Amino acid sequence: MTPEELVELFVAIAIEQDQAMLYDDNGRYNRLYDKMEAVEAELKSRAGDQRILLQPLYEHENLQVRLKSALATLAVAPKASRAVLQWLSDRNRQPQAGDARGMLRALEEGRYVPA
C-alpha cells in the first residue's frame, strides 16, 4: 500500500472504532485495534518513520481519528500530539477525553515512553 492508502485505512479504522464503541461492541473494537496497530507499524517501518503523515488528522472532524492520530505520533511529533491530547481532554467528550487524559498522565508520570 502507498503511504496515502495507509493513512486512509487508518482513518477508516478509527471511524469504525468509534462506531464499535458507540454500540459497545468490544470484540469488534479489539479486532480493529489490532488492524490499526498493524497500520502504525507499517508506517513506522517505512523510511523516515512515516507516522508523521498522520499529523494532518489532528484536525479531522471525528474525535476518535484525532485521538488515534495523536497517540500514533507521540514519538515523531511529541509537542503537537500532546497539544491534541490536551485539546481532547479539555473538550470532555467521552470516551476520547478520558483516553487523552489517561495518556497525558502516563506521559507525565513516565509510565509511557513513546517509541
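Mentor: Gladly. Let us start with the buried residues of H3, which are Leu63, Gln64, Val65, Arg66, Leu67, Lys68, Ser69, Ala70 and Ala72. This is a predicted model, where local features need pLDDT of at least 70 and side-chain atom pairs count only at pLDDT 80 or more, while totals for chains, interfaces and linings use all residues. Residues are numbered from 1 along each chain as its sequence is written, and side-chain values use heavy atoms, with hydrogens and water left out.

Trainee: What makes H3 largely enclosed by the rest of the structure?

Mentor: Nine of the ten residues of H3 are buried, so the helix is largely enclosed. Buried means under 20% relative accessible area, exposed over 50%, and partly exposed in between (1.4 Å probe, protein chains only). Helices here are DSSP runs of H or I with at least four residues, numbered from the N terminus.

Trainee: Which helices do the buried residues of H3 pack against?

Mentor: They pack against H1, H2, helix H4 (78–91) and helix H5 (96–109). Contact means heavy atoms within 4.5 Å.

Trainee: Why is Arg51 called buried?

Mentor: Its relative accessibility is 6%, and the limit is under 20%, so Arg51 counts as buried. Arg51 sits in the loop between helix H2 (26–45) and helix H3 (63–72). Leaving out residues up to four places away in sequence, Arg51 touches several others, including Glu40, Leu43, Ala72 and Ala115.

Trainee: How do you know that the side chains of Arg51 and Asp49 make a polar contact?

Mentor: A polar contact is a pair of N or O atoms within 3.5 Å; within protein, one must be able to donate a hydrogen and the other to accept it, and residues adjacent in sequence count only if both atoms are side-chain atoms. The Arg51 and Asp49 side chains are joined at 2.6 Å. At the start of H3, a side-chain oxygen of Asn62 also comes to within 2.8 Å of the backbone nitrogen of Gln64.

Trainee: Why is Asp18 called partly exposed?

Mentor: Asp18, in helix H1, has a relative accessible area of 22% and is therefore partly exposed. Beyond its neighbours within four places in sequence, Asp18 is in contact with Asn62, Gln64 and Gln96. The C-alpha atoms of Asp18 and Gln64 are 6.0 Å apart, although 46 residues separate them along the chain.

Trainee: What about Gln86, and where is it found?

Mentor: Gln86 is found in helix H4. With a relative accessible area of 35%, Gln86 is partly exposed too.

Trainee: Why are H1 and H2 called roughly antiparallel?

Mentor: They pack at an angle of about 160°, with their axes 9 Å apart. Angles under 35 degrees count as roughly parallel, over 145 as roughly antiparallel, 65 to 115 as roughly perpendicular and the rest as oblique. H1 and H2 are therefore roughly antiparallel to each other. Among the residues making the contact are Phe10 and Ile13 of H1 and Leu32 and Val39 of H2.

Trainee: Which residues touch the most other members of the largest nonpolar core?

Mentor: Of its 16 residues, these are Phe10, Val39, Leu54 and Leu57. Helix H1 (3–22), H2 and H3 each supply at least two residues of this core, and H1 gives the most, with seven. Such a core is a set of buried Ala, Val, Leu, Ile, Met, Phe, Trp, Tyr and Cys residues joined through side-chain atoms within 4.5 Å.

Methods:
Axes fitted to C-alpha atoms, helices over the stretch in contact; angles between N-to-C directions.
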